[in-house]
Amino acid sequence: MRFFNTLTRRLEEFREIEKGAIGLYTCGPTVYDYPHVGNYRSYVFEDLVKRFFLFSGFRVRHVMNITDIDDKTIRKANELGVPLAEVTQKYIDAFHVDLRTLNILPAEVYPRATRHIPEMLDLIARLLAKGFAYEKDGSVYFSIERFKEYGRLANIDRESLKPGVAADADEYEKESIQDFVLWKGKKPGEPSWPAPFGEGRPGWHIECSAMSMKYLGPHFDIHMGGVDNIFPHHENEIAQSECANGETFVNYWLHCQHLVVDNRKMSKSLGNFYTLADLLGRGHDPMAVRYLLISTHYRKLLNFTFAGLEMANQALNRIKNFVFSLKNVNSSGGATLEISVLLADAEAAFAKNMADDFNVSGALGAFFDAIHAVNQKMNDLSREDAAAVLAYIERLNTVLGVLEKSGQAELDAEIEELIRRREQARKQKDFAQADVIRAELKKQGVTLLDTPDGVKWKKE
Ligand SMILES: [Zn+2]
């Protein structure tokens, strides 16, 4: 498998750190509003990558953080005049519903920044002790001058840096690269925590360094996000983590390009800003949205149009009609070699394309070629042939995730998985997350029973 590593700016063969297993960190939402369809492009792409690793036989440990404290969330809470946690909980719940609607596999952990303040304090203290950070007026800043590799990910000329100038904003442009803030001294109207260097709150970037380290260790395989995360966010994560730990932070960085709508930047003022709920409210199938989001290569700009969404819907209908025909095949005669060879070739072509920098157009092309070829022979198929084709579609759909789950076994497995995650959340005292899962199970008509042998479930 090979893909484009932002850090080295070239295609690289993938080598995992621990055989057969992958540590994956993806930057999650800042929960101050509903994500828009451009944000979901990144999350769906990350899901496609993760699914392909699973399909290829890897175990994947996936961590997606939730930024529930930063400049934006605080501003929103103050505008509404409600506690920060009230605002963020609302958008966290909505986010989990959207992930399920888009058939995005859940991460193992969704750590929240506000629950990892001690880890951040520890990390900042280590950076101070090693001389990579300094205190100034109750805040702590990272000294970019001290890290010689600074700017490598975003390909920044070190001449353009302005070291020694301390900046407080979480987000800024490449034109004004200064010492960035790790800990922000207490300000009126902002939540704060006690700290050895003065009461205050974390900067945005330190959150991801502290949480990835806790759940994936100091050095892991893959970090993903949107291209807008490259600078300053990911650049600063590298600086913090590598200076604190004295070792490589991440081996492979993958970034998903932007989405535009009708070739224009999505913005509320242009009236072309869509959340997932907006699209579903217009009657669109979430699986068509997912199909559209994955069908453009991740390093290309995706132009979102409603005509494109309609075409995605038609492509899905072709698959569904094909599945319907296969389910109605009723001739006996046993499996034929011709069909099994055709399917093996098609699956190999699909996997080969995906393994080549996630060439999804090539992979989908191979998939539809196989559909076309089998359709030509539909009248000659036996039940066994049809079953083999259906199994092939199901396997490829574990990567694409565009067909709704059909089998009872699959639904049951999903319920078991949700219960396992709820238990895990309870063990970690993440009761809010446990409640979200319980509510989701209830929606599916599942009742949980606590028994001496563990949690059992029944369906109403
Ligand atoms: Zn992050």
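How many of the 10 residues of helix α8 are buried? That was my opening question today, and I took it to a predicted model.

**Entry 1: helix α8**

I counted eight buried residues out of the 10, so α8 is largely enclosed by the rest of the structure. I wrote their names down: Met287, Ala288, Val289, Arg290, Tyr291, Leu292, Leu293 and Ile294. Then I looked at the start of α8, where a side-chain oxygen of Asp285 comes to within 2.8 Å of the backbone nitrogen of Met287.

Next I asked which helix packs against α8 at an angle of about 75 degrees. I found α1, residues 37-55, with the two axes 9 Å apart. I noted that α1 and α8 are therefore roughly perpendicular to each other. On the α1 side, the contact is made by Val37, Tyr40, Arg41, Val44, Asp47, Leu48 and Arg51. On the α8 side, I listed Val289, Arg290, Leu293 and Ile294.

**Entry 2: Thr101, a contact of Met287**

I followed Met287 to Thr101, which touches Met287 along with Leu276, Leu280 and Pro286. Thr101 sits in helix α3, residues 84-101. I read a relative accessible area of 24% for Thr101, so I call it partly exposed; the cut-off for buried is under 20%. I also checked Thr101 against Arg318: they are 217 residues apart in sequence, and their C-alpha atoms are 21 Å apart in space.

**Entry 3: another helix pair**

I went on to α4 (residues 117-129) and α5 (residues 204-216), whose axes come within 9 Å and cross at roughly 105 degrees. Angles of 65 to 115 degrees count as roughly perpendicular, and α4 and α5 are therefore described that way too. From α4, the contact uses Glu119, Met120, Leu123, Ile124, Arg126 and Leu127. From α5, I noted Ile206, Glu207, Ser209, Ala210, Met213 and Lys214.

**Entry 4: Lys184**

Is Lys184 buried or exposed? I found Lys184 buried, with a relative accessible area of 4%. Lys184 belongs to strand β7, residues 181-185. I then traced where its side chain goes: it reaches the backbone oxygen of Asp168 at 2.8 Å. The side chain of Lys184 also makes a polar contact with the side chain of Asp170, at 3.3 Å. Asp168 and Asp170 are both on the list of residues that Lys184 touches, which also includes Asp71, Ser139, Glu199 and Arg201.

**Entry 5: Asn229**

I looked for Asn229 and found it in the loop between β9 (220-226) and α6 (230-245). Although Asn229 is in a loop, it is buried, with a relative accessible area of 13%. Leaving out residues up to four places away in sequence, Asn229 touches Cys27, Trp204 and His234.

**Entry 6: helix α14**

My last stop was α14, residues 431-443. I noted that this 13-residue helix spans 18 Å from its first C-alpha to its last, close to the 18 Å expected. Which residues of α14 are buried? I wrote down Gln433, Ala434, Ile437, Glu440 and Leu441. They cover an arc of only 120 degrees around the axis, which puts them on the same side of α14. The face turned away from that buried side carries exposed Asp435, Lys442 and Lys443. Just after α14, I came to Gly445, which has a positive phi of about 75 degrees.

Notes
Residues numbered from 1 in each chain as written. Predicted model: local features only at pLDDT ≥ 70, side-chain atom pairs only at ≥ 80, totals over all residues. Heavy atoms only, no water. Helix = DSSP H or I, 4+ residues; strand = E, 2+ residues; numbered from the N terminus. Expected span 1.5 Å × (residues − 1). Buried < 20%, exposed > 50% of the residue type's maximum accessible area, 1.4 Å probe, protein only. Arc of directions from axis to C-beta. Polar contact = N/O pair within 3.5 Å; in protein donor to acceptor, adjacent residues only side chain to side chain. Contact = heavy atoms within 4.5 Å. Axes fitted to C-alpha atoms, helices over the stretch in contact; angles between N-to-C directions. Parallel < 35°, antiparallel > 145°, perpendicular 65-115°, else oblique.
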